[in-house]
Amino acid sequence: MTMALLAAGFSMRNSRRGGVAQSIAAGVAAGFGLFVLDRITGEFGEAGTLPVWLAAWVPTAAGLLLALALLLHLEDG
């Protein structure tokens, strides 16, 4: 659900205004950033440095907050 909301935020821009390449690059970078955050928190959870429930939910919550902020920013104008 988080990745779908994130993709919706990056695909909402009008392609007539230009900047399609930057939008695609930002979407790929955001997805890669969430992937890296997921791997880092997973490793901390496995090592016992971070509680397992926190390691599992931090990437999801961060992605959801990023997606909602992007959607609210684009919809508000």
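## A nonpolar patch

Val20, Ile24 and Val28 together make a nonpolar surface patch of about 280 Å². Patch members here have over 30% relative accessible area and no salt bridge, with nonpolar side chains (Val, Leu, Ile, Met, Phe, Trp, Tyr) joined within 5 Å. Val28 sits in helix α2 and is exposed, at 56% relative accessible area (exposed means over 50%, buried under 20%, with a 1.4 Å probe and protein chains only).

Keep in mind that this is a predicted model, where local features need pLDDT of at least 70, side-chain atom pairs count only at pLDDT 80 or more, and totals for chains, interfaces and linings use all residues. Numbering runs from 1 along each chain as its sequence is written, and side-chain values use heavy atoms, leaving out hydrogens and water.

## Helix α2

α2 covers residues 20-47 (helices are DSSP runs of H or I, at least four residues, numbered from the N terminus). Its 28 residues reach 41 Å from first C-alpha to last, close to the expected 40 Å (1.5 Å times one less than the number of residues). After α2 comes Gly48, with a positive phi near 90°.

Which residues of α2 are buried? They are Ser23, Ala30, Gly31, Leu34, Thr41 and Gly45, and they pack against α1 (2-11) and α3 (52-76), contact being heavy atoms within 4.5 Å.

## Helix α3

α3 bends by about 30° at Val58, with Pro59 following within four residues; the bend is the angle between axes fitted to the seven residues ending there and the seven starting there.

Pro59 is also buried, as are Ala55, Gly63, Ala67, Leu70 and Leu71. Their cover includes α1 and α2.

Note on methods. Helices (H or I, at least four residues) and strands (E, at least two) are DSSP runs, numbered from the N terminus. Patches are made of residues with over 30% relative accessible area and no salt bridge: like charges are joined within 9 Å, nonpolar side chains (Val, Leu, Ile, Met, Phe, Trp, Tyr) within 5 Å. Accessible areas come from the Shrake-Rupley method with a 1.4 Å probe; for residues, only the protein chains shown count as cover. A salt bridge is a side-chain nitrogen of Lys or Arg within 4 Å of a carboxyl oxygen of Asp or Glu.
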